[in-house]
Amino acid sequence: MEVRSDRMAAMSPMVSLRPPVSPSRLVPSPRTIESPVQAKISVRDLDFFYGHRQALFHVGLTVRSHSVTAFIGPSGCGKSTLLRCLNRMNDLVEGARAVGRVELDGVDIYEAAIDVTDLRKRVGMVFQKSNPFPKSIYDNVAYGPRLHGTKDKRSLDELVQHSLQGAGLWDEVKDRLQHSAVGLSGGQQQRLCIARALAVQPEVILMDEPCSALDPIATGKIEELIYRLKETYTVVIVTHNMQQAARVSDQCGFFLMGELVEFGDTKTIFTTPRDKRTEDYITGRFG
Amino acid sequence: MGKPSTRMRNVWRGGELFVWMTASGVAISLLMVAGMLVLIMINGLGQFWPRALQQVTLNTQETVIGQLVGEETIPHSMTTGAQSGQRRFRYRVGNRDQFGAEYRWINEAEIASMTFPDDLTLVERREWGLAFGRISLAGEGVAAAHADESTWQTVVKLVDRANQLRQRIEHLEREEIGSINYRIEKARLARQALVLKGGLDPAIADADRRLVDDIAALERDYLSKSEALEQLHKEASQDALLFTISTGRSVRLSLDQIVAVSRPNAMNWLEKLGAYVRNLWFFVSSEPREANTEGGIFPAIFGTVLMVFLMTLAVMPFGVMAAVYLREYAKQGPLVRLVRIAVNNLAGVPSIVFGVFGLAFFVYALGGSIDQILFPEALPNPTFGTGGILWASLTLALLTVPVVIVATEEGLSAVPRDFREGSVGLGATKFETIRHVILPCALPGILTGLILAMARAAGEVAPLMLTGVVKLAPALPLDEYLPFLHLERKFMHLGFHIYDVGFQSPNVEAAKPMVYMTTLILILVVVLLNLAAVMLRNRLRKRFATSAV
């Protein structure tokens, strides 16, 4: 288990001016804490296959701690696949195989010794289609904590309230926590899913096109939420919507046909892209 | 030339015809089901209505008393030229002990007159079925020259008293003497077990002696009870009716043989309605008499329902677990496909084959071994090594397990992938995901399987005949003796009852309404069981509705 995250971070094209984040939320690796640039996730030379079809080619990037990283690109370019590699959701797909390293706090998550459920607890996920369970609002949020052993009613109540507040949903649902989650509107459902992910107290939150099924107002709310979330969490978001990427993200990666074409500060990518293909995509010449 | 054909084409293309065709498909199915139900109901429910008694005088001055049950034009093969086109009537004349036959055809031409006298009486007997005639004398030594209204009052009172006496006799036989017999049998088996334990251990000899004393005491008890029983029997049989049947002959009817007397011609319709409801209640709540052709069908209803419940308890866990493995855990490939095909085909195996398997495996192999190990003292009498409600239920569970597996698999595969990912994404293991998210969402599908399984099991007869159904069970599988539920007992079943009464009874014609009625009850039982499951499913559906947006 070698830790090379700092070297990786130094090699990455962007330089963070952020001060190191509060160490309380970080994993107890002393070398990461010493480092001026907090690399939360490092992807190194990752190839990914669905059966015989290769979906990712030599992808390498670093996700900074307490930032929002966006993956953009046309449909089928592999951005969702990469996202799902970060918490090994692709394990559920039969015949899927990853070659390369994905490090979370310097530890390769594809190692045999890794407990996948623990990994997914640390790296939460919000899906494209809101998928609240057909249970009450309360039970939806309490689902994760209950699985991970929180039994006490008081602390569960607190956790549910805290998570719902964190997702900006508390004021809308506090009087009907025992109602079915299915009765919420689309935007509320998506925020409930975010609250559900927050309730297990993750370090990283992955969002797979969280706003693609929502109207502009609901989208706006979620974007605000993402902006707030990065104070506490590291957020990685996949989006079709380039304005959204420009609005919410600090770093941005552009994917094309399974390749990471360009990765860097969002401002740089949107103003002075280095690659011609990125420029074409961003200016709307294709995609 | 072109115009009509285009119009025809447009009619065809518009789908109007197709709508009619599909609708008529539904209509025909509904008509067939409704027609069957109406037929069963008319034939079954009609029998409890008190029918009028006719007194028919023939040209030969012969008198016939009976209920008109049918009429037809005399078939050609049976007529001489002069009779052609004439009708004949079918009468139920009862008095099987006197006439030998229950029914009689009478040609219309032979009839001189028909009347409905009020004093014609119908007597329902414990043996030999119905008797029709007039009461001429009632009670012990009651010297009434003519039957009048006061005689009828006496008769009604006497019959009531006889019925009360019979209830006491039954109580004595069944409860008190039954429990003594039960305890004697227990003590006998305990002694037998001591013998099997063997040895000359003084403790064992001591225990044996105590058991012998117990048995002696119980037998003394039994003797005193049976004396009391004898007394009651005597009391019950001392009263009698003198009954004149249509031939003018007098018959002595002992009162302990009489179940009920009635004079249907003297009843108004309200009394008839009361009698109807009483008869119906009697039918569903009492035990059969006369080789099942009379009395009620309560043990059969009870046996059917209990068997379906036991089957459900057995089939649900296995079916659901098998389906969860096939759908969630097994690697989908040719082997799983093969298993699935095999399971589906299992549903098509003739049920009698399951019966034979149940007999060989459950009854002989499993039951036989249980007897060897747990009940050696009762051998050579089998305890579990013979057909019983447990083995019948397990055999039916085997028969219905494919239905449950298929329905559960469908339910599982209908759970959206999003739920699985959502749960797994929160750090749930596969097991937790299945337990907390997938199974609850699949519950409606699982219950659909349950409904299909219950409907199939309740109507199945063939395998039961080999694994535990009898035409007359001495006791219900549920009673007040420990352990209350006697899974080894044989039981009665509505489906088998239909077969037995309809085709195996000595008096098939008289039993026909019973067959229809039993069929109706069986359908009702199945419908009620299904309705309960459907209501449960709908409640769950509402609770686990997957989308309201």
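This talk walks through a predicted model with chains A and B.

Good morning. I shall begin with chain A. Its secondary structure comes to 12 helices and 10 strands. Of its 287 residues, 48% count as buried. Among the contacts in chain A that join residues at least 6 apart in sequence, 69% link residues at least 24 apart.

A word on confidence belongs here. The average pLDDT of chain A is 82, and 86% of the residues score at least 70. Over residues 1-36 of chain A, however, pLDDT stays under 50, although the model has 45 contacts beyond four places in sequence for that stretch. Where pLDDT is low, the predicted coordinates should not be read in detail.

Let me turn to a hairpin in chain A. Strand β1, residues 39-50, runs antiparallel to strand β2, residues 53-64, and eight bridges join the two in chain A. Within this pairing, A:Phe48 has A:Leu56 of β2(A) as its bridge partner. Two residues lie between the strands of the hairpin, and A:Gly51 there takes a positive phi near 65°.

Which residue of chain A other than glycine has a positive phi near 55°? That residue is A:His66. Its place is in the loop between β2 and β3 (68-72) of chain A. A:His66 counts as buried because 22 C-beta neighbours lie inside 10 Å, the threshold for burial being 20 or more.

I move now to chain B, for which the domain assignment gives three entries: domain 1 (43-135 + 258-285), domain 2 (140-238) and domain 3 (303-493). The C-alpha centres of domain 1 and domain 3 of chain B lie 49 Å apart.

Five bridges connect β8 (residues 240-244) with β9 (residues 250-254) of chain B, and the strands run antiparallel. B:Phe243 is paired with B:Val251 in β9(B). This hairpin has five residues between its strands, and B:Gly248 takes a positive phi near 90°.

A positive phi also occurs at B:Asn95, about 45°, although this residue is not a glycine. B:Asn95 is located in the loop between β3 (87-92) and α3 (96-99) of chain B. Is B:Asn95 buried or exposed? B:Asn95 is buried, because 25 other C-beta atoms lie within 10 Å.

B:Ile169 is found in helix α4, residues 149-197 of chain B. With 17 other C-beta atoms within 10 Å, B:Ile169 is partly exposed. Leaving aside neighbours within four places in sequence, B:Ile169 is in contact with B:Leu229, B:Leu232, B:His233 and B:Ala236. B:Ile169 and B:Glu230 stand 61 residues apart in sequence, while their C-alpha atoms are 9.2 Å apart in space.

The second residue is B:Arg327, in helix α7 (residues 298-329) of chain B. B:Arg327 counts as buried because 22 C-beta neighbours lie inside 10 Å. Not counting residues up to four places away in sequence, B:Arg327 touches B:Glu409, B:Leu412 and B:Ser413. From B:Arg327 to B:Phe48, the separation is 279 residues in sequence and 53 Å in space, C-alpha to C-alpha.

In soluble globular proteins, nonpolar side chains tend to be buried together. The largest nonpolar core in this model has 143 residues, and those with the most contacts inside it are A:Ala195, A:Ala197, A:Ile205, A:Leu206, A:Val235, A:Ile237 and B:Val404. Which helix contributes the largest share of this core? Helix α10 of chain B, residues 389-413, does, with 16 residues. A second, separate core of 26 residues includes B:Ile65, B:Ile135, B:Leu241 and B:Phe243. As for B:Val404, its contacts beyond four places in sequence are B:Val315, B:Met316, B:Gly319, B:Val320, B:Gly449, B:Leu450 and B:Ala453.

I close with the interface. Here 19 residues of chain B are in contact with 26 residues of chain A. On the side of chain B that touches chain A, the elements giving two or more residues are α11 (417-425) and α12 (430-459) of chain B. Of these, α11(B) gives the most, with six residues. By class, this side of chain B has 10 nonpolar, six polar and three charged residues.

Thank you for your attention.

Notes
Residues are numbered from 1 along each chain as its sequence is written. Chains are lettered from A and ligands numbered from 1 in the order in which they are written. This is a predicted model: local features need pLDDT of at least 70, side-chain atom pairs count only at pLDDT 80 or more; totals for chains, interfaces and linings use all residues. A nonpolar core is a set of buried Ala, Val, Leu, Ile, Met, Phe, Trp, Tyr and Cys residues joined through C-beta atoms within 7 Å. A residue is buried if 20 or more other C-beta atoms lie within 10 Å of its own, exposed if 12 or fewer, and partly exposed in between; C-beta atoms are placed from the backbone. Helices (H or I, at least four residues) and strands (E, at least two) are DSSP runs, numbered from the N terminus. Two residues are in contact if their C-beta atoms, placed from the backbone, lie within 7 Å. Ala, Val, Leu, Ile, Met, Phe, Trp, Tyr, Cys and Pro count as nonpolar, Asp, Glu, Lys and Arg as charged, and the others, Gly among them, as polar. pLDDT is the predictor's confidence in each residue, from 0 to 100. Domain bounds come from an automatic or database domain assignment. Two strands pair if DSSP finds at least two bridges between them.
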